Amino acid sequence: GSAAAGQYSITVLVLGAPVILLGQAVGEVFYPKITASITKCSRAAVSLMFKATVVLSLLSLIVFGIIVWFGPEIFVLVLGKEWSTAGKYSQWVAVWLACVLATRAVLAAFPVLRLQSYMLLQEVISIILRSAALIIGLKYWQSDLVAIALFSLVGVVLMIALAIVGFWKLIKESNTWDETIISNPK
């Protein structure tokens, strides 16, 4: 209903702000570095992306871990009792957004790795799976909280898949760089 939609909207608005701000900052700083590293066929590209992902994962754990544990209390304290449902939603949405932030460096490398077609495919699959998650949660469990939990868990799986594909492609590329260097020494 409209009440649940409003609660969800405020949850995404509040929790999405740090992801957008930090994600843009990471993208602006990381994209030129990873692009230069990959363009130079440097093995350091794998290390660079791994380190950035670890740092972002730790940051995500700190920022969103607090919401996972204390989301309802924080939302009631900051926004008032009428937003307690948003606080419950926030616990699930925080898990998904933590993965979004943690994979921001990998996502920044997608254009230079030429993985745009994978992103398109993942978006199509995302729409299908997330729609199914909402329908299952609402129809079979008759629970908006279960629907949001399933929606968020699908998001987590998709972000993990994104990271796996990004690292796989970068490692595969870096292995071809080694073969090129061995067969064509300067």
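What percentage of the 186 residues of the protein count as buried? The figure is 40%, where buried means under 20% relative accessible area, exposed over 50%, and partly exposed in between, with a 1.4 Å probe and protein chains only.

Colleagues, a word on provenance. This is a predicted model, in which local features need pLDDT of at least 70, side-chain atom pairs count only at pLDDT 80 or more, and totals for chains, interfaces and linings use all residues. Residues are numbered from 1 along each chain as its sequence is written, and side-chain values use heavy atoms, with hydrogens and water left out.

I begin with the overall fold. The protein contains six helices and zero strands, so its elements read α-α-α-α-α-α from the N terminus; helices (H or I, at least four residues) and strands (E, at least two) are DSSP runs, numbered from the N terminus. The C-alpha trace spans about 70 × 30 × 20 Å along its principal axes. Among contacts with a separation of 6 or more, 76% join residues 24 or more positions apart, a contact being heavy atoms within 4.5 Å.

I turn now to helix α5, residues 116-139, which holds Gln122. Gln122 counts as buried because its relative accessibility is 6%. Leaving aside residues up to four places away in sequence, Gln122 touches Leu158, Met159 and Leu162.

Leu120 is also found in helix α5, but Leu120 is exposed, with a relative accessible area of 59%. Together with Leu121, Val124, Ile125, Ile128 and Leu129, Leu120 makes a nonpolar surface patch of about 540 Å².

Finally, the loops on either side of α5. Most residues other than glycine have a negative phi. Arg114, in the loop between α4 (104-109) and α5, has a positive phi of about 60° although it is not a glycine. Arg114 counts as exposed at 53% relative accessibility. In the loop between α5 and α6 (144-183) lies Gln142, whose phi is also positive, near 50°. Gln142 counts as exposed, at 65% relative accessibility.

Conventions. Patch = residues over 30% accessible without salt bridge, like charges linked within 9 Å, V, L, I, M, F, W, Y side chains within 5 Å. Areas by Shrake-Rupley, 256 points an atom, 1.4 Å probe, with all protein chains shown as cover. Salt bridge = Lys/Arg side-chain N within 4 Å of Asp/Glu carboxyl O.
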